[in-house]
Amino acid sequence: MVNAYILVRLIPGLESSAMSQMRVIPGVKDVITVFGRWDAIVQVESKTIPALSRMVIGQIRGIQGVQATETLVAAEL
């Protein structure tokens, strides 16, 4: 399994709707509101890196209100 954290910048006024839509995407484990440069952190799990890429590009970035994302893939040392 691939675990990742996606930093999300949201468009003002569309935060609530965008976060609700992200919560129902298969593989999304948690959506957390934060303050700072990013507006939310989305914890996700996927079977492969290509599946993670499809989730980010095809689903999360396609939500109205999502302005930008940055994906951090978790690693075990």
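Buried means under 20% relative accessible area, exposed over 50%, and partly exposed in between, with a 1.4 Å probe and protein chains only. The model is predicted: local features need pLDDT of at least 70, side-chain atom pairs count only at pLDDT 80 or more, and totals for chains, interfaces and linings use all residues. Residues are numbered from 1 along each chain as its sequence is written, and side-chain values use heavy atoms, with hydrogens and water left out.

**Exercise 1. Find the salt bridge and classify its two residues.**

Step 1. A salt bridge is a side-chain nitrogen of Lys or Arg within 4 Å of a carboxyl oxygen of Asp or Glu. The structure has one.

Step 2. The partners are K29 and E45, whose closest N and O atoms lie 3.9 Å apart. Distant parts of the chain are linked by this pair: K29 belongs to strand β2 and E45 to strand β3, 16 residues apart. Strands (E, at least two residues) and helices (H or I, at least four) are DSSP runs, numbered from the N terminus.

Step 3. E45 has 27% relative accessibility, so it counts as partly exposed. K29 has a relative accessible area of 51% and is therefore exposed.

**Exercise 2. Locate the largest nonpolar core and trace one of its residues.**

Step 1. A nonpolar core is a set of buried Ala, Val, Leu, Ile, Met, Phe, Trp, Tyr and Cys residues joined through side-chain atoms within 4.5 Å. The largest one has 20 residues; I6, V8, L10, M22, V31, V42 and V44 have the most contacts inside it.

Step 2. Two or more residues come from each of β1 (2-10), α1 (15-23), β2 (28-33), β3 (40-46) and α2 (49-60). β1 gives the largest share, five residues.

Step 3. Not counting residues up to four places away in sequence, I6 touches A40, I41, V42, V44, V56, I60, T69, E70 and T71.

Definitions and conventions: Contact = heavy atoms within 4.5 Å.
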